Amino acid sequence: MLKKLPLGVTTFAKMRDKKENYLYVDKTEIAHNLINNGIYYFLSRPRRFGKSLFLDTLSDIFLGKKELFKGLYIYDKWDWEEKYPVIRIDFAKGKLRDSDDLKEKIQEILEENEKTLDVKCDNDIYDRKCFSTLIKNVYDKYNQKVVILIDEYDKPILDNITNLDVVKDMRDGLGDFYSIIKGSDQYIKFVFMTGVSKFSKMNLFSGLNNLQDITTMKKYSTICGYTHNDIKTTFKEHLEDVDLDKLKEWYNGYNYFGDAVYNPYDILLFISNECEYKNYWWSTGNPRFLIEKLKTSSYNIPQMESIITTSETLDSFDIEYIDLVALLWQTGYLTFDKKIIEDDELLGYKMKIPNKEIQKSLNTLFINYLTNQPTDIMTHQSGLRKFLKDDNLENLKTTLTSLFASIPYNNYVKNELSHYEGYYATVVFTYLVSLGFECVTEDATNKGRIDLTIKLPNRIVIIEFKVDIKEKALKQIKERKYYEKYMDDEREIFIVGICFSSEDKNITEFEFEKIKR
């Protein structure tokens with residue numbers, strides 16, 4: 001009988017209940033390694049990556065629930081007679097709208113721990129003082145050091161990311177609350193804190209600067225998520241007739257410098273939905289904050305496909321200046337491609353979009369922002385897909401002209417990105433990438449940079465864009481021989497020159513030639 005899929009299951013005991021017969025990927029070797037090699041840990045991973053389940057696994061290890069671990073790595077390697085009291089702090093559920101909500105939530109959390117651990121704070125005000133008393137009283141009652149597990153520590157901040165005043169209040173309130181942990185070091189056995197954002201510049205941890213950040217450590221790279229080996233072994237019976245290379249293209253690709261991982265939510269829903277390829281993880285979140293951030297930034301959207309950044313940028317999460325690249329990485333819309341190292345010195349990172357799901361979804365989001373034409377997207381996508389596969393690219397002109405004609409004029413007025421030169425190329429780019437086409441912007445050659453290269457299974461299309469410039473776009477491609485870069489490729493090559501009018505907001509000239517059959 002096939003094991004059940006643990007959709008929505010975040011409780012380790014339920015996962016391991018023999019009557020339930022849930023499928024489980026063993027993460028206890030990583031847990032064992034963590035416990036034996038440190039005390040204070042921090043982990044950043046995107047939403048729905050299995051952080052809550054891993055915390056619950058840690059909790060049951062420390063509580064000595066040996067029977068749940070039979071058959072797992074840690075079973076014969078842990079002293080199950082040595083048990084530790086566990087304080088759980090969880091901000092994952094519900095949205096907190098202001099500092100009063102935060103105070104009420106902290107009170108609720110502390111009251112739940114008092115009840116579970118059968119201790120009292122000796123204080124009617126549930127604040128940092130109560131937390132401090134709770135830790136000491138738990139230590140005294142059980143005559144054992146305390147384990148503290150914190151889930152989604154930053155959610156009250158992320159839920160209000162576009163409201164600076166509220167975010168400041170949340171930051172100050174949480175910072176005050178978490179600072180108690182360092183002052184209670186003598187009573188603490190182990191601390192593990194998870195969230196989406198990295199903490200370095202948030203001023204949340206001025207009183208808790210002893211956390212070891214394991215987010216990008218290779219040995220902990222698979223702490224959450226499924227590896228491709230997990231897919232081939234643990235999920236083998238569920239995926240018998242599935243093309244695993246295609247599955248990998250769609251949902252794998254999250255890189256933390258070890259084995260790349262799948263978002264577990266994608267895989268479980270993919271199987272549950274009869275192995276249909278859809279945007280599962282994307283559809284569960286609200287990436288509106290990306291659009292709000294884009295409105296105040298000058299980022300070139302196509303460059304996000306292969307942006308180069310520094311560790312300092314990625315570590316930054318100052319609420320008064322949130323870098324868009326850091327935000328995209330921390331929330332799972334970008335991941336690492338590779339490290340950039342010279343003379344044994346880490347200079348930075350090349351980033352990439354993790355997989356096809358995110359690539360298609362993110363660019364559809366950008367299309368909505370750039371064009372404000374949600375009802376027409378599928379029509380234009382269908383036309384672009386069809387005409388790019390035809391030999392007669394003249395039909396492509398018709399589709400693109402219709403596309404730009406359907407963009408509301410006031411969108412150009414309200415949209416800051418429409419004022420920079422690459423707006424028109426960006427609209428074309430986002431449409432193509434949303435269809436899953438492989439596209440390269442600013443494609444470097446020895447004679448200059450190609451505005452846009454589209455790599456199709458049977459042809460390569462090289463495009464040059466011009467706006468209000470009399471110089472022929474096609475002429476530039478030919479004079480600079482951009483196509484020579486791909487002459488050794490077996491595919492046929494088309495070159496396309498497109499000129500736009502900033503006044504009419506549409507195509508004024510469209511020329512193409514086939515260079516190689």
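Begin by selecting helix 9, residues 244-251, where the buried residues are Leu247, Trp250 and Tyr251; buried means under 20% relative accessible area, with a 1.4 Å probe and protein chains only. They cover an arc of only 70 degrees around the axis, which puts them on the same side of helix 9, the arc being that of the directions from the helix axis to the C-beta atoms. Helices are DSSP runs of H or I with at least four residues, strands are runs of E with at least two, and both are numbered from the N terminus.

This is a predicted model, in which local features need pLDDT of at least 70 and side-chain atom pairs count only at pLDDT 80 or more, while totals for chains, interfaces and linings use all residues. Residues are numbered from 1 along each chain as its sequence is written, and side-chain values use heavy atoms, with hydrogens and water left out.

Next, show what covers the buried residues of helix 9, which includes helix 8 (228-233), strand 7 (261-262), helix 10 (264-272) and helix 14 (356-371). Just after helix 9, select Gly253, which takes a positive phi of about 115 degrees.

Now move to Glu152, in the loop between strand 3 (146-151) and helix 6 (155-158). Glu152 is buried, with a relative accessible area of 13%, and, leaving aside neighbours within four places in sequence, Glu152 is in contact (heavy atoms within 4.5 Å) with Lys51, Phe91, Ala92, Thr194, Gly195 and Val196.

Finally, select strand 9 and strand 10 (residues 345-352), which run antiparallel and are joined by seven bridges; Glu342 stands opposite Glu345 in strand 10.

Notes. Buried < 20%, exposed > 50% of the residue type's maximum accessible area, 1.4 Å probe, protein only. Pairing = 2+ DSSP bridges.
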